Amino acid sequence: MDARRAVSSSLGATPQVFAHRGSSAALPEHTLAAYERAVTEGVDGFECDVRLTRDGHLVCIHDASITRTSNGRGRVTRLTLAELNRHDYSAWHREVLVANGGPPVVGEPTADDGILTLDRLLTLARGAGRPLRLLIETKHPSRYGGDVERRLVDLLARHGLTTGAGDGSGVSVAVMSFSIRALRRIRALAPAIPTVFLFDIPTPSVWSGRAPAGADLLGPSIRVIRYWPEMVRRAHERGVGVLVWTVNEPADITLVRALGVDGIISDRPADVLAALDRHPAGDSGGTGADGLSASTGRDGLSASTGRGGSPATRVGSPAPGGGRLGPCPSTTGVSSPG
Ligand code: G3P
Ligand code: CA
């Protein structure tokens with residue numbers, strides 16, 4: 001069976017919660033620490049941006065240059081991995097964290113303060129001890145063009161993640177991009193991997209809930225959803241899942257929850273999980289005797305969130321055709337990868 005199509009079971013459930021660049025409101029974005037924290041917080045998965053280094057490694061970084069997020073300078077594509085690793089990608093945030101009363105990050109830089117490779121992040125996810133889904137965004141334009149997707153598929157194949165069914169450890173991936181050409185390359189190279197078309201400016205086609213050819217799901221910004229909430233219902237009527245970014249504010253969390261989106265991508269995933277009444281294992285969090293941990297929250301929540309109260313809500317019936325994101329990870333508790 002086409003793994004991308006075997007996913008209708010995910011629709012109609014509680015939205016999956018993804019840490020945007022890790023738990024990046026609390027810790028420096030795209031660092032191992034930010035992703036480890038997200039695992040501990042009980043997320044369903046991560047979002048990360050990837051770029052190719054000069055020597056062909058995929059690294060997790062948003063900007064084309066390292067200036068904002070490290071103590072170095074230069075363009076990612078012009079530097080080798082070894083050169084990128086000479087800089088510290090955590091230090092820039094430490095003062096901000098302390099000033100904001102956030103968790104202290106102290107001590108000498110460690111090997112993990114170098115740039116995070118996608119290989120390392122996949123290893124973290126596979127060692128987390130519970131299912132996780134990675135939403136990997138390829139950044140374009142890139143001077144390496146389609147090599148970004150070719151390298152990505154090679155790496156995912158090495159991790160056993162190109163079948164769409166996951167790697168046996170419960171880890172699965174979807175590839176996202178603002179570039180539909182990039183998604184079509186993924187479709188051609190690894191047809192089982194779900195693809196997500198990102199957009200901040202809707203075209204008439206996506207307004208009507210249609211995913212462009214080569215894309216399975218739609219990834220609108222929260223700005224689009226604020227102005228055009230109806231898009232979610234239209235997408236679901238077409239069997240297209242919707243993942244919304246970057247949802248940080250309480251009012252926006254309330255909005256996307258009421259609309260019944262399939263995934264919520266947030267810099268503050270713990271806030272989103274709390275709003276959904278999902279709490280890490282061991283934290284009763286007011287969820288009652290059964291704890292409604294990440295493992296049990298989905299079905300319980302879908303029955304209790306009153307989503308049928310919103311005109312845009314799907315009243316418990318899965319959209320036809322499936323959202324193609326894959327079944328929700330059925331987590332069995334939250335463990336820190338240590
Ligand atoms: O998850 C999609 C979102 O991250 C796209 O925007 O600029 O944060 O990569 P950006
Ligand atoms: Ca991104």
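Predicted model: local features only at pLDDT ≥ 70, side-chain atom pairs only at ≥ 80, totals over all residues.

User: Okay, ligand first. Which residues are around ligand 1?

Analyst: The shell consists of His 20, Glu 47, Asp 49, His 62, Glu 137, Leu 198, Gly 219, Trp 245 and Ile 265.

User: Next topic, cis peptides. Which residue is joined to Pro 141 by a cis peptide bond?

Analyst: His 140, and omega there is about 5 degrees. Pro 141 sits in the loop that runs between strand 4 (132-138) and helix 5.

User: What about the bond from Trp 245 to Thr 246? Cis or trans?

Analyst: Cis again, with omega near -25 degrees. Trp 245 is also one of the residues around ligand 1. Thr 246 belongs to the loop between strand 8 (243-244) and helix 10 (250-259).

User: You mentioned helix 5. How do the axes of helix 5 and helix 6 cross?

Analyst: Helix 5 (residues 147-158) and helix 6 (residues 180-189) have axes that come within 9 Å and cross at roughly 40 degrees. Roughly parallel would need an angle under 35 degrees, so helix 5 and helix 6 count as oblique to each other.

User: Left-handed or right-handed crossing?

Analyst: Right-handed for helix 5 and helix 6.

User: Which residues make the contact?

Analyst: From helix 5 it's Glu 149, Arg 150 and Val 153, and from helix 6 it's Ala 182, Arg 185, Ile 186 and Leu 189. By class, that contact has 4 nonpolar and 3 charged residues, with no polar ones.

User: Is His 30 buried or exposed, and why?

Analyst: Buried, because 26 other C-beta atoms lie within 10 Å of His 30, and the cut-off for buried is 20 or more.

User: And Asp 277, what's its phi?

Analyst: Phi of Asp 277 is near 65 degrees, again positive in a residue other than glycine. You'll find Asp 277 in the loop between helix 11 (269-275) and helix 12 (297-304).

Note on methods. Residues numbered from 1 in each chain as written. Chains lettered and ligands numbered in written order. Axes fitted to C-alpha atoms, helices over the stretch in contact; angles between N-to-C directions. Helix = DSSP H or I, 4+ residues; strand = E, 2+ residues; numbered from the N terminus. Parallel < 35°, antiparallel > 145°, perpendicular 65-115°, else oblique. Left-handed = near helix turned anticlockwise from the far one by under 90°. Contact = placed C-beta atoms within 7 Å. Nonpolar A, V, L, I, M, F, W, Y, C, P; charged D, E, K, R; others polar. Near = placed C-beta within 6 Å. Buried ≥ 20, exposed ≤ 12 C-beta atoms within 10 Å, placed from the backbone.
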